[in-house]
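Take a walk through this structure, one stop at a time. Keep the sequence and the 3D view side by side.

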Amino acid sequence: MKKNIDLRPASFTSSAFPRLSAARLSVLTLILLLSACAQTKAPPPATVPLTAEFKEASYWKSARATRAGAEAAVPESWWEMFNDPVLNDLQQKLLLGNENLKSAAAQIANAKAVLKASQSALWPTVSLNAGGTRSGNPGSGQNGRTTSNSYSLAVDTSWEIDLWGRLSKATDVANANLQASRDDYDAARLSAHATLAQTYFAMRVAEAQQAILQRTTASNQRSLELTEARYQSGVAGQSDVLQAKIQVTTGQVQLKDAVAQRAQLEHAIAVLLGVTPAALNINNTATLPAAPAVPVLIPATLLERRPDIAAAERKLVAAYAQIGIKDAAFFPDISLSANAGYRSSSLSKLIDAPNLVWSLGPSILLSIFDGGARQLASDQARAAADIAASTYRQTVLTSLQEVEDNLVVLEQLDAELQLQTEALQAAQRNLEITQEQYKAGTVSYLNVVTSQNAALSSESNLLSIRNRQLAATNILLKNIGGRWQK
């Protein structure tokens, strides 16, 4: 990012300017020599060293060998890999209604305007002035006063010569900020898609949990009726009835909580879509999509695909260009101005050759003393560039951590899912045996309660593992499935 500004002409001799005096030639020579010194002396930031593969890449290697489709390309609409039509429809609506994306799009429009404004500063400004005045002054005329008219028509032109690169670097800053705004939009879009997918998965988990609790509550109600009948016949004690009632009411409380949680998640989806909660109604299916296989990804590819990394890099470019802008303040501002027009006391004879007036000349403005303000501005620009460099490196490190975390999570969740499935089967079988034993009168109802809680807990844990598996897969696909302008 270190750029030298050298605007010295290829050839410069006194014979090329025969009318220039020696003093003026010396001033021009001094200016050109100063331009040779106008350069940004800022060392480039240290880069983040990358390994050939991720530390936790063993999951991808095993997935390639055991899961079909693991090497398939990820589509731009990566959420389609979950094969859920409802999710696909919601994702399409997200692009149209999400307010955060609208705000990010407005930031792009603002950055475009800033870039055009910075580019316009490189061109001369031309203005047209026209005026007329009538004035009275003491004199020998009628009533002791004289009156006069004055009319003018002129074209004024001024142009700041960008000898030190201040204006061009401002354009570089604006262009980098525009690209960063586009990358910020892409990052916001991917984040919104990922958030919607995760919220949708959580809603389906809440529905599945609700279905489990409905079945459990119905089973507990049947157990209560059986226990009450046994109590009436004198086979069971009153404590068994009370325990059965506690199980029923506890299940009902958990069911209501699951219903509320599902409703809240649906409301969150509505807000993501940019509509009111009352305007969105998603059918309850209590079905979770299957987690697709994640294609292999290497760290270098991740850096090319993540728009938040691209945005941080372009903001770093803008910060280093700002150093050049602040350093250019140490050199004089050089401008050319020209004025041509007409001035006359008669409007009818305004545009006549004798009334033509004009002026042409350069101007140089150099601040001699500013109390160290320019040096402080330069120091601040360098500090801002250091901050941008650290932000860029931190963004890269965070992105690598995110992938590593979810790789190891997916690897462990595969094993957890298998173990929890076996635990659920054992808990359900144990509940069946315990219920038969209670009917036979060989165990107390406390044993049934313990078995019911174990079965419910095992099924809930299985749902939680599946939700975490979907979330980790969702994040990894987000990292490699997006497309954006480079």
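**From a strand to the core**

Val155 lies in strand β2, residues 145–161. Helices (H or I, at least four residues) and strands (E, at least two) are DSSP runs, numbered from the N terminus. The model is predicted, so local features need pLDDT of at least 70 and side-chain atom pairs count only at pLDDT 80 or more, while totals for chains, interfaces and linings use all residues. Residues are numbered from 1 along each chain as its sequence is written, and side-chain values use heavy atoms, with hydrogens and water left out.

Val155 is partly exposed, at 34% relative accessibility. Buried means under 20% relative accessible area, exposed over 50%, and partly exposed in between (1.4 Å probe, protein chains only). Val155 forms a nonpolar patch on the surface with Val126 and Leu128. Together they have about 290 Å² of accessible area. Such areas come from the Shrake-Rupley method with a 1.4 Å probe; for residues, only the protein chains shown count as cover. Like charges are joined within 9 Å, nonpolar side chains (Val, Leu, Ile, Met, Phe, Trp, Tyr) within 5 Å.

The largest nonpolar core has 43 residues. A nonpolar core is a set of buried Ala, Val, Leu, Ile, Met, Phe, Trp, Tyr and Cys residues joined through side-chain atoms within 4.5 Å. The elements giving it two or more residues are α3 (85–97), α5, α6 (238–273), α9 (373–440) and α10 (445–481). The largest share, 14 residues, comes from α5. Leu90 and Ile269 have the most contacts inside this core. Beyond four places in sequence, Leu90 touches Leu196, Tyr200, Ile269, Leu273, Leu280 and Ile282. Contact means heavy atoms within 4.5 Å. A second, separate core has 13 residues, including Tyr320 and Ala385.

Next, follow helix α5, residues 166–232, to Ala206. Ala206 is buried, at 3% relative accessible area. Leaving aside neighbours within four places, Ala206 contacts Ala258, Gln261, Arg262 and Leu265.

Helix α6 is the last stop. It has 36 residues and reaches 53 Å from first C-alpha to last, close to the 52 Å expected at 1.5 Å a residue. That expected span is 1.5 Å times one less than the number of residues. Glu266 sits in α6. Is Glu266 buried or exposed? At 9% relative accessibility, Glu266 is buried. Just after α6, Gly274 takes a positive phi of about 80 degrees.

Methods. Patches are made of residues with over 30% relative accessible area and no salt bridge: like charges are joined within 9 Å, nonpolar side chains (Val, Leu, Ile, Met, Phe, Trp, Tyr) within 5 Å. A salt bridge is a side-chain nitrogen of Lys or Arg within 4 Å of a carboxyl oxygen of Asp or Glu.
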